[in-house]
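Here is a short report for a reader who is new to this structure. Please look over the sequence and the model before reading on.

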Amino acid sequence: MTSAPTATRTSDILLELDSVRKSGPLQHIVIPPCPELLARLQHVMAEAEPDLNEVARIASSDVAMSATLLRCANSPVYAKGQPVQTIGQAMNLLGLDETATVMTRFLAQRAIRVNHPALQRFWERSAKRAVAMAFMARHLPGMSADVAHTYGLFCHVGLPVMVQSLKGYPSTMVEAAARIDRSYVATENANHRTDHAVVGGLVARVWRLSPTVAAAIRLHHDLDALGEGRIDPDVQALIAVGLLAEFLMRRHEGLDQDVDWHHHGEAALRWLDLPMEELLSWEDEVRDSLDII
């Protein structure tokens, strides 16, 4: 399985993911099942008018998830006056969409455990990417904040799944990060005949995430295609905003920008028709949300 798919339209990518699951190295990848509560939440949120009472019932059915919602509602970003003490109060303060994103993060993190030192900040950084992407989606025409948040959260989910399923993969991560003669996914494919973009796309398929999200995860390292017509525009937009989110995250963490930004950052900005000055103007606005994660 090579890192670059032969077909890049969303429908073709989904067919490719379904096919590779049936043969080759993907047969040995253990995909954790989508949590029942997350499946219920996705079903409710897909309705034209989601049932607020059902969302509240889902949230209240898990004590730890309820505590997470209350903690979020009482954080400096949202807190107003008296502390929030009930799920209903938390939902009213956060709003339905933010309530659903907090619940999704909680359920995904519990379903896909990260138990290797190399990934100890995996879910923290995934949450930051998701929050930054949702923020930018609200400022960009035609982009769903919910879809952007989901992509940001699950973009690199193939990494912990491969750690759990493939012997020697932690060593591959070290090698892939160190090599300068080939890309990260090329090293993964050389050692395991697949890569985390493929596995992450497969997780999205198994969990019935948006087809656009699944395709974007599958292609998130196919960055040379940014601005080309061979990838569906909504998929390109997610990949481009993902690069911008990583840029803001790394500035927030005091880190140098990575090679993807240096090589493809300008293409991402051009695709989104976004001046660099506007991206930088968002930095202060998103900082408080990143600080509490």
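## About the model

The model is predicted: local features need pLDDT of at least 70, side-chain atom pairs count only at pLDDT 80 or more, and totals for chains, interfaces and linings use all residues. Residues are numbered from 1 along each chain as its sequence is written, and side-chain values use heavy atoms, without hydrogens and water.

## Helix 3 and helix 4

Helix 3 spans residues 52-60, and helix 4 spans residues 63-73. Helices are DSSP runs (H or I, at least four residues), numbered from the N terminus. The two pack at an angle of about 115 degrees, and their axes are 7 Å apart. Axes here are lines fitted to C-alpha atoms over the stretch in contact, with angles from 0 to 180 degrees between N-to-C directions. Helix 3 and helix 4 are therefore roughly perpendicular (65 to 115 degrees).

From helix 3, Ile 58, Ala 59 and Ser 60 meet Met 65, Ser 66 and Leu 69 of helix 4. Contact means heavy atoms within 4.5 Å. By class, this contact has four nonpolar, two polar and no charged residues. Ala, Val, Leu, Ile, Met, Phe, Trp, Tyr, Cys and Pro count as nonpolar, Asp, Glu, Lys and Arg as charged, and the others, Gly among them, as polar.

## Aromatic pairs

The whole structure holds four aromatic pairs. Rings of Phe, Tyr and Trp (its six-membered ring) pair if their centres lie within 6.5 Å, and planes over 60 degrees apart count as edge-to-face. Phe 122 and Trp 123 form an edge-to-face pair, 5.0 Å centre to centre with 80 degrees between the planes. Phe 122 is buried at 8% relative accessible area (buried is under 20%, exposed over 50%, with a 1.4 Å probe and protein chains only). Trp 123 is buried too, at 7%.

Phe 154 and Trp 207 have ring centres 5.6 Å apart and planes at 75 degrees, so this pair is edge-to-face. The pair links distant parts of the chain, 53 residues apart. Phe 154 is in helix 8, while Trp 207 is in the loop between helix 12 and helix 13. Both residues are buried.

Pro 35 sits in the loop between helix 1 and helix 2. Pro 35 is buried, at 17% relative accessibility. Beyond its neighbours within four places in sequence, Pro 35 contacts Leu 107, Ala 111 and Trp 207.

Ala 177 lies in helix 10. Ala 177 is exposed, with a relative accessible area of 61%. Its C-alpha atom is 9.1 Å from that of Thr 187, 10 residues away along the chain.

Key. Angles under 35 degrees count as roughly parallel, over 145 as roughly antiparallel, 65 to 115 as roughly perpendicular and the rest as oblique. Rings of Phe, Tyr and Trp (its six-membered ring) pair if their centres lie within 6.5 Å; planes under 30 degrees apart count as stacked, over 60 as edge-to-face and the rest as tilted.
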